[in-house]
Amino acid sequence: MNREGDLVPLTVLLTGFGPFPGAPFNPTAGLAQRLAARRRPAFADVSRIAHVFETSYAAVERELPALLKRVRPDVVLLFGVATRSKYLRIETRARNARSPLFPDVAGDRPRAGIIALGEPVTRSGRAPQRALLAAVRAQRLPVRLSHSAGRYLCNFAYWRALAAVEGSHAPLVSFIHVPTVRRAPMRAAVRRRITSGDLLRAGEAALTALIVAARARRRQRRPVLAQAAAAAVPVEAQRTPKRERRQAVAG
């Protein structure tokens, strides 16, 4: 039993992507895997599963629903790379949109400019995005809230994850775009760029904030679940037989 008295540990699903046209190296694959293996007190009693998607629409369509069904996570933290960004972006929503202009790694392009007909224009989850923002900022790293996850695989995966887990007990789902990182030493005169170590610190901070929020949600749900269980007890079982009441009065 952990500190919060939960009988079941939290489960976290961490995802990244492989390379794609224009990004031969995608730092999110290693980031998800390193976070899953990281040892920190905040991650005690937390089961972490990492998964790296091939950067294709077919892979996300096939693998994401199966992952969510098998893992049944309390937290879903997805990472993607934004090659033109110089800072981390915490995405606040996913849009029902995708661009036919950019092929995925398999060469496929969407035929339609939307993800799902008859569905909302945007989807937002219950993740505490501002808490994530504050946590990453505390690491002295450049980070902002973003209201557009683009129209490529990152937005597609975020949309699909949010759509798949709708409901009052849905997991906390968050998506973070990271910039490209330098892979070789740079001259001191060159302006500092984010490193893979910086991304790991940012990922740890964001994941810790999500774990804290998920544990708080679990504690808040306990009284509600207890009330529901009590209400489910048959009325006959709640009544005291007349003979027992008489004996109690006589005593």
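# A tour around helix 4

Start by selecting residues 153-164, which form helix 4. Its 12 residues reach 16 Å from the first C-alpha to the last, close to the 16 Å expected at 1.5 Å a residue. Keep in mind while looking that this is a predicted model.

Helix 4 is largely enclosed by the rest of the structure, because 9 of its 12 residues are buried. To see them, select L153, C154, N155, F156, A157, Y158, W159, A161 and L162.

**The whole chain**

Zoom out for a moment. The chain contains 7 helices and 8 strands, and 44% of its 251 residues count as buried. Of the contacts with a separation of 6 or more, 79% are between residues 24 or more positions apart.

**Helix 2 against helix 4**

How do the axes of helix 2 and helix 4 cross, and within what distance do they come? They come within 10 Å and cross at roughly 30°. An angle under 35 degrees counts as roughly parallel, so helix 2 is roughly parallel to helix 4. The crossing is right-handed. On the helix 2 side, select Y57, V60, E61, L64 and L68; on the helix 4 side, select L153, F156, A157, R160, A161 and A164. Coloured by class, this contact shows 9 nonpolar residues, 2 charged residues and no polar ones.

**C154**

Stay on helix 4 and centre on C154. With a relative accessible area of 9%, C154 is buried. Beyond four places in sequence, its contacts are F17, G80, V81, A149, F175 and H177. Draw a distance from C154 to F175: the two lie 21 residues apart along the chain, and their C-alpha atoms are separated by 8.2 Å.

**T55**

Is T55 buried or exposed? T55 is buried, and its relative accessible area is 2%. Leaving out residues up to four places away in sequence, T55 touches F17, G18, P19, F20, D104, V105, Y152 and L153.

**T92**

Then select T92, in the loop between strand 4 (88-91) and strand 5 (94-95). T92 is buried as well, at a relative accessible area of 15%. Which residues does T92 touch, not counting those up to four places away in sequence? They are S124, Q129, L145, S146, H147 and Y158. Y158 is among the buried residues of helix 4. For Q129, draw the C-alpha distance to T92: it is 6.7 Å, across 37 residues along the chain.

**T11**

The last stop is strand 1, residues 10-17, which holds T11. T11 has a relative accessible area of 15% and is buried, the cut-off being under 20%. Apart from neighbours within four places in sequence, T11 is in contact with S47, I49, V71, R72, P73, D74 and V75. I49 lies 38 residues from T11 along the chain, and the C-alpha atoms of the pair are separated by 7.8 Å.

Notes. Residues numbered from 1 in each chain as written. Predicted model: local features only at pLDDT ≥ 70, side-chain atom pairs only at ≥ 80, totals over all residues. Heavy atoms only, no water. Helix = DSSP H or I, 4+ residues; strand = E, 2+ residues; numbered from the N terminus. Expected span 1.5 Å × (residues − 1). Buried < 20%, exposed > 50% of the residue type's maximum accessible area, 1.4 Å probe, protein only. Contact = heavy atoms within 4.5 Å. Axes fitted to C-alpha atoms, helices over the stretch in contact; angles between N-to-C directions. Parallel < 35°, antiparallel > 145°, perpendicular 65-115°, else oblique. Left-handed = near helix turned anticlockwise from the far one by under 90°. Nonpolar A, V, L, I, M, F, W, Y, C, P; charged D, E, K, R; others polar.
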